[in-house]
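Please look at the structure below before reading on. The report that follows starts with one pair of residues and widens from there.

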Amino acid sequence: MNLEKEVSIVLGGAAGQGIQTIEESLTKILKLSGYNVFATKEYMSRVRGGINTTEIVISSEKKRSFLKRIDLLVTFKKGVLNHLKDRISDKTIILGEKENIDEEFLDNKNIIDIPIQEISKNIGNTLFSNTVGSGIILGIFDCDLELFNKYLEDKFSKKGEEIVNKNLEAAKEGYLLGKKILKDSNFKINLEKNGKLKDEIILSGTEAVALGAAKAGCNFVSFYPMTPSTGVSTFLAGHSKDLGIIVEQVEDEISAINMAIGSWYAGARGLVTTSGGGFSLMCEAVSLSGMTETPVVVYLAQRPGPSTGLPTRTAQADLELALYSGHGEFPRIIYSPGKIEEAYEISQIAFNMADKYQIPVFILSDEYLADTFYNLSDDELKTVKKENHVVKTDFDYKRYQLSENPISERGIPGFGEGIVLVCGNEHDEFGDITEDVDLINKMTKKRNKKLDLIKKEAIAPEFIGNEDYKNLIVSWGTTYYPVKDALEKLNLKDTALLHFSQVYPISDSAEKYLKKAEKIINIELNYSGQLGRLLKREFGTEMNDSILKYDGRAFSVEELTEKIEKVLMG
Amino acid sequence: MEKNPFQRTEKIDISWCPGCGNFAIKASLSNALSKLKLNPQNVAIVSGIGQAGKMPHYITVNGFHTLHGRAIPAATAVKTTNPELTVIAEGGDGDMYAEGGNHLIHAIRRNPNITVLIHNNQIYGLTKGQASPTTLVSTKTPTQPWGVFEEPLNSIALAISLNASFVARTFSGNIEKTEEIIIEAINHKGLSIVDIFHPCPSFNKVNTLQWYKEHTYYLEGHDVTDRKKAFEKSLETDKYPLGIFYTCEKPVFEDVVPPYISEKTPIWKREPNLEKIEEIMNSKRT
Ligand SMILES: Cc1ncc(C[n+]2csc(CCOP(=O)(O)OP(=O)(O)O)c2C)c(N)n1
Ligand code: SF4
């Protein structure tokens with residue numbers, strides 16, 4: 001058996017067994033050794049037990065999609081193989097101890113016994129299993145053991161010399177076993193290494209959003225914990241002091257968003273992080289942002305609902321919630337970054353646009369992107385210039401001054417001679433409550449007219465494929481790489497892709513692509529095809545077919561390849 | 001007399017009913033701010049919804065008229081973003097105790113240096129006379145025609161039980177005392193709660209101006225640092241004591257949040273720390 005170009009390794013075990021630790025160390029060392037890495041996990045909503053798995057794809061060229069296929073499977077617990085049975089083929093090489101193999105698989109010829117427990121017990125404690133396990137993989141892939149040693153020294157130096165030494169021993173034993181496995185077994189690994197990757201950055205979707213926000217000058221974060229959004233707040237809380245960012249866990253989501261809006265009123269750049277259920281509670285304040293023309297940025301990491309649904313799984317089912325959230329009519333922007341590099345860039349743009357247009361701006365992500373990470377070159381991580389739209393006020397300043405331009409200059413209290421009066425009731429130019437018909441009309445127009453300007457700045461959808469297409473696939477957000485990779489595999493001359501990283505307002509440039517297609521197929525992780533519905537609303541185009549999935553699991557390349565083919569045939 | 005910069009001089013349309021206690025509260029508040037020699041540009045009133053919530057429109061001051069019950073979170077953020085501002089959160093009893101009750105509790109725990117003024121007319125004014133959390137038992141209203149069953153919230157006892165850092169109650173009818181208490185509240189470092197009884201002649205026929213005069217008295221010789229005594233006083237309802245019940249010194253939120261520990265520049269004035277961000281990025285290479 002030859003493992004070429006890209007190898008998919010899946011590690012499975014119980015929550016609390018340290019799969020995450022292995023994921024972290026392996027991706028780092030594999031990258032430092034010259035491989036591209038991609039990792040994504042699926043896990044249960046529990047702290048101990050259950051079955052969690054992590055897929056690590058190692059490749060010579062950058063591969064950034066979830067693969068259903070498993071080339072190497074490492075099991076740390078009985079039940080893992082059953083859990084993954086749909087993904088195991090007769091080519092899957094299974095590494096594990098007998099006690100961790102489910103009965104149905106006992107006579108599988110591809111099982112290689114790896115006595116992790118025994119090795120770690122001999123070293124002194126089963127705690128070293130993780131290190132042994134990582135060592136085995138690193139051995140198989142001919143990585144540099146020295147790099148792993150250094151990693152372990154850094155990681156455990158605080159715990160004392162003995163712990164460091166035992167881990168080094170565990171690493172070596174595992175590493176040698178890995179080498180031996182490769183020599184004795186009937187599979188070969190044929191992956192090119194690239195020394196240049198050493199310097200690349202590994203980021204998760206979560207970290208990319210957090211760092212992008214920080215770069216854009218986000219300095220106030222208020223949140224109430226909710227998976228899978230919490231990571232962004234956790235990350236920024238960890239850097240609160242050195243980055244000068246106030247990060248406060250508050251009593252509820254209602255407080256969180258009202259604080260964030262309050263922070264913008266006073267001149268900060270506030271962010272809230274949340275997921276569907278929490279965002280439901282925030283909707284009223286989205287409307288406050290709309291009426292008072294006070295910006296706010298909402299990082300909404302989707303997971304399946306309704307209600308508390310599936311806390312740790314993924315979905316794209318809150319597009320319409322974000323789109324219609326808040327009562328009354330007012331503009332908003334909804335970004336849906338599809339890639340980690342884009343998440344970094346878009347979270348910078350989001351703050352500039354919120355500031356410029358004085359509106360709520362959404363970064364619509366999901367569990368899949370939040371929990372995925374891969375290596376990136378510096379070129380891929382784009383910096384966006386921080387814009388500053390706050391003005392110093394004059395004595396006769398009017399917060400809602402009417403003019404040709406629907407954007408009135410935004411002052412903040414204590415900066416200039418003016419008084420800044422902001423009001424959630426309908427108001428006059430100064431900010432006082434009004435019921436005057438003329439003013440009501442003018443103010444309503446002023447707020448809503450901004451949408452025309454915003455539209456001009458909308459991120460155009462990415463078109464991939466032959467200009468002479470008949471079929472057009474449309475997708476949005478985090479399905480980007482799996483859809484793209486599936487289409488690449490299929491290599492169809494008459495089918496192209498139109499992918500949206502901004503789902504509202506939609507750039508006018510989308511129209512020509514949609515109108516030209518004979519057949520449009522939307523691919524979404526939801527039941528009802530929300531983007532399809534939005535495209536119909538905006539451009540009158542009907543979806544001719546849909547590929548929808550709503551079981552809380554991400555699309556894999558193989559699954560999409562199969563489904564796209566089927567839809568195009570039928 | 002010196003000119004009061006907080007008085008709005010242009011013609012404004014005040015929507016409070018004739019004879020309403022809100023007018024007296026406005027007088028006390030603007031006098032207090034003026035006596036404190038504050039500059040309207042450096043004061044922000046963040047209000048909720050209700051007749052009381054309209055205050056920022058009736059005096060010259062920065063204002064944010066937010067949502068029902070949400071003045072406190074927004075005010076906390078304003079203060080934290082710019083600690084150089086004097087920040088007041090203002091609203092009615094429905095606003096602060098019903099819709100915003102959770103925020104009040106947690107603001108006491110968080111202890112930002114803001115002043116919370118609660119116009120307590122023991123009824124909902126703006127929505128026309130429904131019971132509020134402080135309406136007395138048996139009071140009949142259009143929505144409680146059989147008389148209110150629920151026991152009124154004792155916000156003073158609640159605040160003291162949570163060790164709030166400044167707890168007071170006053171009566172709008174006594175403009176000078178109210179003004180004095182507001183001055184003390186603003187001068188106090190930490191969260192200050194001032195519950196202000198005031199008549200609502202339109203909808204509260206029980207707690208009238210006369211009723212408040214007869215059923216309240218100002219505390220004298222009370223030791224505001226004695227929490228037990230303060231709590232005891234807070235339980236009195238016949239008559240209701242007025243004045244400062246309790247104060248204590250506690251760490252203030254915007255002093256202890258990490259960005260302010262060693263650096264006092266308000267965060268709104270700071271630029272992102274690009275070097276540190278670069279450093280974090282670089283740590284992701286190895
Ligand atoms: C979320 C929400 N619910 C209900 C209302 C309607 N509402 C407006 S003011 C108010 C209560 C007013 O009472 P209070 O806070 O005591 O203020 P007052 O008018 O007496 O000064 C209510 C329920 C609202 N504006 N928002
Ligand atoms: S309804 Fe009551 S509280 Fe409101 S303004 Fe009228 S009298 Fe005052």
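Tyr299(A) stands opposite Ile363(A) in strand 15 of chain A. This is a predicted model, in which local features need pLDDT of at least 70, side-chain atom pairs count only at pLDDT 80 or more, and totals for chains, interfaces and linings use all residues. Residues are numbered from 1 along each chain as its sequence is written, chains are lettered from A and ligands numbered from 1 in the order in which they are written, and side-chain values use heavy atoms, with hydrogens and water left out.

Helices (H or I, at least four residues) and strands (E, at least two) are DSSP runs, numbered from the N terminus. Two strands pair if DSSP finds at least two bridges between them.

| Partner in chain A | Residues | Bridges to strand 13 |
|---|---|---|
| strand 12 | 270-274 | 4 bridges |
| strand 15 | 360-366 | 7 bridges |

In strand 13 of chain A, Val297(A) is the bridge partner of Leu271(A). Between strand 12 and strand 13 of chain A the chain passes through helix 11 (residues 276-292), and this β-α-β crossover is right-handed (with the strands pointing away from the viewer, the path from the first strand over the helix to the second runs clockwise).

In a regular strand the side chains alternate between the two faces of the sheet. On strand 13 of chain A, Val296(A), Val298(A), Leu300(A) and Gln302(A) lie on one side and Val297(A), Tyr299(A) and Ala301(A) on the other, all buried (under 20% relative accessible area, 1.4 Å probe, protein chains only). Because 7 of the 7 residues of this strand are buried, strand 13 of chain A is largely enclosed by the rest of the structure.

Notes
Buried means under 20% relative accessible area, exposed over 50%, partly exposed in between (1.4 Å probe, protein chains only).
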